[in-house]
Amino acid sequence: MPVISVIIPAYNSENYLRECLDSVAGQEYGDFEVIVVDDGSEDGTTAVVEEYASRDRRFRLVRNSHNGVSGSRNLGLSLAGGEWIMFLDSDDCLYSLALGRLLKAASENRCEISVGRFYFGSYPKCCPPMMKGTDVLSSEEAIERMLYQNRADSSPCAKLFHKSVVASTMFEPGLRYEDLDWLYRVYDNADRIAFIHDLVYFYRDHAGSFINSFTPARLDVLKVTERIEGYMQERYPSLVAAARDRRLSANFNMLGLMETQCDADEFVERKEACWALIKKYRRDSLLNPKVRLRNKAGVLVSYLGRRWFRFFAGIIYRC
């Protein structure tokens with residue numbers, strides 16, 4: 001049976017780490033190794049991993065200086081001995097059938113990547129039912145689905161990757177939205193990608209999550225989506241419209257967060273740049289039948305003007 005390497009970057013993760021590691025230990029598919037990269041934790045993270053490693057040889061602790069999640073994932077990739085790779089964040093969990101179901105989908109459909117679904121919440125959903133059906137897409141189709149955010153996310157989690165498609169594609173250290181920057185390039189390395197309907201991954205949505213507040217680091221998404229548009233212009237001209245819609249969505253999101261969570265005189269130039277791009281790209285997205293309704297609604301609000309956009313953003317983002 002092929003070995004799956006589960007890579008877990010961990011930094012000050014003791015509050016949720018046991019639940020995370022237990023979820024891997026409880027997998028019905030048992031041919032795995034777990035590489036926990038402790039990224040310079042200052043709490044009890046190291047002791048927790050040492051405890052698991054002492055009683056189960058499949059668990060391994062690797063210490064790293066504080067290089068961030070990208071550096072930790074890259075280190076884990078360099079040490080992985082498995083034929084297949086899975087990423088798991090230290091405050092999240094896998095459902096018990098996750099590894100087996102993802103591997104089965106990849107093997108039966110001759111795919112280099114298989115993709116499952118997330119469950120978002122404060123506590124894991126118990127025993128999610130198995131779902132029937134698998135969509136097998138080309139790399140171009142998978143990238144398009146990701147860019148249009150059409151039942152597809154940009155996280156490396158809840159996915160199983162053959163080592164051949166990730167070995168030479170590293171995460172960029174120091175970049176936020178490193179997931180979005182990484183995944184489309186990995187999809188481009190594959191020929192076939194399987195999307196299953198099963199819930200395989202529990203994402204713990206809590207107040208400390210990166211997605212729940214604005215920081216200047218979040219503006220990296222503007223750079224990343226601009227980079228994606230350039231990549232598609234060179235590699236997939238048919239996906240330029242999808243890349244521009246994803247870039248439009250990023251500018252909507254950042255402008256909304258800045259308008260509601262920053263002082264009026266902060267990031268003025270960034271706000272103006274976001275608004276200018278929204279006005280430039282909104283018509284094409286509005287007329288594009290593949291664009292999701294949420295983006296179209298944002299476009300329609302933008303036509304009312306900046307003041308009304310700010311008003312609706314206040315309702316959405318403060319909630």
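User: What makes Glu83 and Trp84 count as contacts of phenylalanine 161?
Analyst: The model is predicted. A contact needs heavy atoms within 4.5 Å. Leaving aside neighbours within four places in sequence, phenylalanine 161 has such contacts with Glu83, Trp84, Ile85, Phe87, Glu112, Ile113, Pro156, Val166, Trp182, Leu183 and Val186.

User: Which residues touch the most other members of the largest nonpolar core?
Analyst: They are Ile4, Phe161, Tyr187, Met232 and Met254. This core has 98 residues. Helix H9, residues 240-261, gives the most to it, with ten residues.

User: What makes a residue a member of such a core?
Analyst: Two tests apply. The residue must be buried, under 20% relative accessible area. It must also be joined to others through side-chain atoms within 4.5 Å. In soluble globular proteins, nonpolar side chains tend to be buried together.

User: How much of the chain is buried?
Analyst: Buried residues make up 53% of the 319 residues.

User: Why is the chain called as compact as a globular protein of its length?
Analyst: The chain has twelve helices and nine strands. Its radius of gyration is 20 Å, and the globule rule gives 20 Å for 319 residues, so the chain is as compact as a globular protein of that length. The C-alpha trace spans about 60 × 45 × 35 Å along its principal axes.

User: What share of contacts between residues at least 6 apart joins residues at least 24 apart in sequence?
Analyst: That share is 80%.

Methods:
Residues numbered from 1 in each chain as written. Predicted model: local features only at pLDDT ≥ 70, side-chain atom pairs only at ≥ 80, totals over all residues. Heavy atoms only, no water. Helix = DSSP H or I, 4+ residues; strand = E, 2+ residues; numbered from the N terminus. Rg over C-alpha atoms; globule rule 2.2 N^0.38 Å. Buried < 20%, exposed > 50% of the residue type's maximum accessible area, 1.4 Å probe, protein only.
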